[in-house]
Amino acid sequence: GDSVVQTEGEVLLSEGDSLTVNCSYESTGYPSLFWYVQYPGKGPELLLKATKGNDKGRSNKDFEAMYRTETTSFHLEKGSVRESDSAVYFCALSDTVTGTAGGAEHKL
Ligand SMILES: *[C@@H]1O[C@H](CO)[C@@H](O)[C@H](O)[C@H]1NC(C)=O
(Lines give C-alpha, C1' and ligand atoms only; values in the text may rest on other atoms or scores of the structure.)
Protein backbone atom coordinates (compact mmCIF):
# COMPACT_ATOMS: atom_id res chain seq x y z
CA GLY A 1 0.00 0.00 0.00
CA ASP A 2 3.00 2.35 0.15
CA SER A 3 3.68 4.53 -2.88
CA VAL A 4 5.44 7.57 -4.26
CA VAL A 5 4.08 10.14 -6.72
CA GLN A 6 6.26 12.23 -9.03
CA THR A 7 4.43 15.17 -10.60
CA GLU A 8 7.00 16.48 -13.08
CA GLY A 9 7.40 14.99 -16.51
CA GLU A 10 10.28 16.22 -18.63
CA VAL A 11 12.01 19.32 -17.28
CA LEU A 12 14.11 21.48 -19.61
CA LEU A 13 16.74 23.69 -18.00
CA SER A 14 19.83 25.65 -18.94
CA GLU A 15 23.19 25.24 -17.25
CA GLY A 16 23.22 27.12 -13.95
CA ASP A 17 19.45 26.94 -13.42
CA SER A 18 18.11 25.49 -10.19
CA LEU A 19 16.22 22.20 -10.27
CA THR A 20 13.38 20.82 -8.17
CA VAL A 21 11.89 17.41 -8.85
CA ASN A 22 8.89 16.76 -6.65
CA CYS A 23 8.19 13.53 -4.89
CA SER A 24 5.33 12.86 -2.48
CA TYR A 25 4.99 9.59 -0.63
CA GLU A 26 2.13 7.72 0.94
CA SER A 27 2.88 5.22 3.64
CA THR A 28 1.28 3.78 6.72
CA GLY A 29 4.68 3.70 8.42
CA TYR A 30 7.98 5.55 8.39
CA PRO A 31 9.78 4.38 5.25
CA SER A 32 13.28 5.17 4.07
CA LEU A 33 13.21 7.39 0.98
CA PHE A 34 15.55 7.26 -2.02
CA TRP A 35 16.38 9.12 -5.21
CA TYR A 36 17.88 7.09 -8.05
CA VAL A 37 19.43 8.58 -11.15
CA GLN A 38 19.72 6.92 -14.55
CA TYR A 39 22.16 8.51 -17.00
CA PRO A 40 21.64 7.89 -20.73
CA GLY A 41 22.61 4.33 -21.69
CA LYS A 42 23.28 3.32 -18.05
CA GLY A 43 21.41 1.47 -15.33
CA PRO A 44 19.79 3.27 -12.40
CA GLU A 45 22.08 4.11 -9.48
CA LEU A 46 21.43 5.43 -6.01
CA LEU A 47 21.77 9.21 -5.79
CA LEU A 48 20.84 9.84 -2.16
CA LYS A 49 18.64 8.56 0.64
CA ALA A 50 17.11 9.60 3.95
CA THR A 51 16.14 7.07 6.56
CA LYS A 52 13.97 9.13 8.90
CA GLY A 53 11.82 12.22 9.06
CA ASN A 54 13.62 15.59 8.88
CA ASP A 55 16.79 13.92 7.60
CA LYS A 56 18.41 15.57 4.62
CA GLY A 57 19.82 13.26 1.98
CA ARG A 58 22.83 14.64 0.10
CA SER A 59 24.77 13.44 -2.90
CA ASN A 60 28.35 14.18 -3.88
CA LYS A 61 26.94 16.01 -6.94
CA ASP A 62 25.29 18.75 -4.82
CA PHE A 63 21.81 17.27 -4.92
CA GLU A 64 19.80 17.21 -1.73
CA ALA A 65 16.34 16.19 -0.60
CA MET A 66 14.66 16.85 2.73
CA TYR A 67 12.46 14.11 4.21
CA ARG A 68 9.43 16.17 5.30
CA THR A 69 6.88 14.22 7.29
CA GLU A 70 4.48 17.19 7.66
CA THR A 71 4.05 17.47 3.86
CA THR A 72 4.96 13.79 3.16
CA SER A 73 7.38 14.99 0.53
CA PHE A 74 10.96 14.31 -0.55
CA HIS A 75 11.64 16.88 -3.27
CA LEU A 76 15.00 16.63 -5.01
CA GLU A 77 16.83 19.94 -5.30
CA LYS A 78 20.00 21.27 -6.85
CA GLY A 79 21.06 24.91 -6.89
CA SER A 80 22.90 25.01 -10.21
CA VAL A 81 22.57 22.25 -12.78
CA ARG A 82 25.19 21.12 -15.28
CA GLU A 83 24.64 19.54 -18.66
CA SER A 84 25.97 16.29 -17.20
CA ASP A 85 22.94 16.18 -14.85
CA SER A 86 20.72 15.28 -17.84
CA ALA A 87 19.15 12.00 -16.72
CA VAL A 88 16.01 10.29 -15.49
CA TYR A 89 15.37 10.75 -11.76
CA PHE A 90 13.33 8.20 -9.79
CA CYS A 91 11.91 8.58 -6.32
CA ALA A 92 11.44 5.37 -4.32
CA LEU A 93 10.61 4.21 -0.83
CA SER A 94 11.61 1.14 1.11
CA ASP A 95 9.61 -1.48 2.90
CA THR A 96 8.48 -0.20 6.25
CA VAL A 97 8.71 -3.63 7.84
CA THR A 98 12.11 -5.26 8.03
CA GLY A 99 12.40 -9.01 8.01
CA THR A 100 9.56 -11.29 7.05
CA ALA A 101 6.04 -9.98 7.29
CA GLY A 102 3.39 -12.54 8.14
CA GLY A 103 4.00 -16.11 7.06
CA ALA A 104 2.28 -19.09 5.58
CA GLU A 105 -0.88 -20.36 7.15
CA HIS A 106 -1.46 -24.08 7.01
CA LYS A 107 -5.12 -24.98 6.85
CA LEU A 108 -6.17 -28.57 7.29
C1 LIG B 1 6.17 20.89 -6.30
O2 LIG B 1 6.01 21.09 -4.92
C3 LIG B 1 5.85 22.46 -4.54
C4 LIG B 1 5.87 22.54 -3.03
O5 LIG B 1 5.25 21.46 -2.42
C6 LIG B 1 4.55 22.97 -5.17
O7 LIG B 1 4.36 24.32 -4.84
C8 LIG B 1 4.64 22.82 -6.70
O9 LIG B 1 3.40 23.19 -7.29
C10 LIG B 1 4.94 21.37 -7.06
N11 LIG B 1 5.17 21.27 -8.50
C12 LIG B 1 4.53 20.36 -9.27
C13 LIG B 1 4.90 20.37 -10.71
O14 LIG B 1 3.73 19.56 -8.82
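Predicted model: local features only at pLDDT ≥ 70, side-chain atom pairs only at ≥ 80, totals over all residues.

Residues are numbered from 1 along each chain as its sequence is written, and side-chain values use heavy atoms, with hydrogens and water left out.

**Ligand site**

- Thr7, Glu8, Asn22 and His75 are the residues around the ligand (a heavy atom within 4 Å of it).
- By class, this shell holds no nonpolar, 3 polar and 1 charged residues (Ala, Val, Leu, Ile, Met, Phe, Trp, Tyr, Cys and Pro count as nonpolar, Asp, Glu, Lys and Arg as charged, and the others, Gly among them, as polar).
- A side-chain N or O atom of Asn22 is 2.4 Å from an oxygen atom of the ligand, one of Thr7 is 2.9 Å from a ligand oxygen, and a polar side-chain atom of His75 lies 3.4 Å from a ligand oxygen.
- The protein buries 33% of the 370 Å² that the ligand exposes when taken alone (Shrake-Rupley method, 1.4 Å probe).

**Largest pocket**

- The largest pocket holds about 470 Å³ of space (on a 1 Å grid over the protein atoms alone, a pocket is an open set of points where a 1.4 Å probe fits, with protein on both sides within 12 Å along at least five of seven lines; the volume is the space filled by probe spheres set on the points).
- It is lined by 19 residues, of which Val11, Asp85, Ser86, Ala87 and Tyr89 are the closest to its centre (lining residues have an atom within 4 Å of a point).
- The lining of the largest pocket comprises 9 nonpolar, 4 polar and 6 charged residues.
- Strand 2 (19-21) and strand 9 (88-93) each supply at least two residues of that lining (strands are DSSP runs of E, at least two residues, numbered from the N terminus).

Key
Polar contact = N/O pair within 3.5 Å; in protein donor to acceptor, adjacent residues only side chain to side chain. Helix = DSSP H or I, 4+ residues; strand = E, 2+ residues; numbered from the N terminus.
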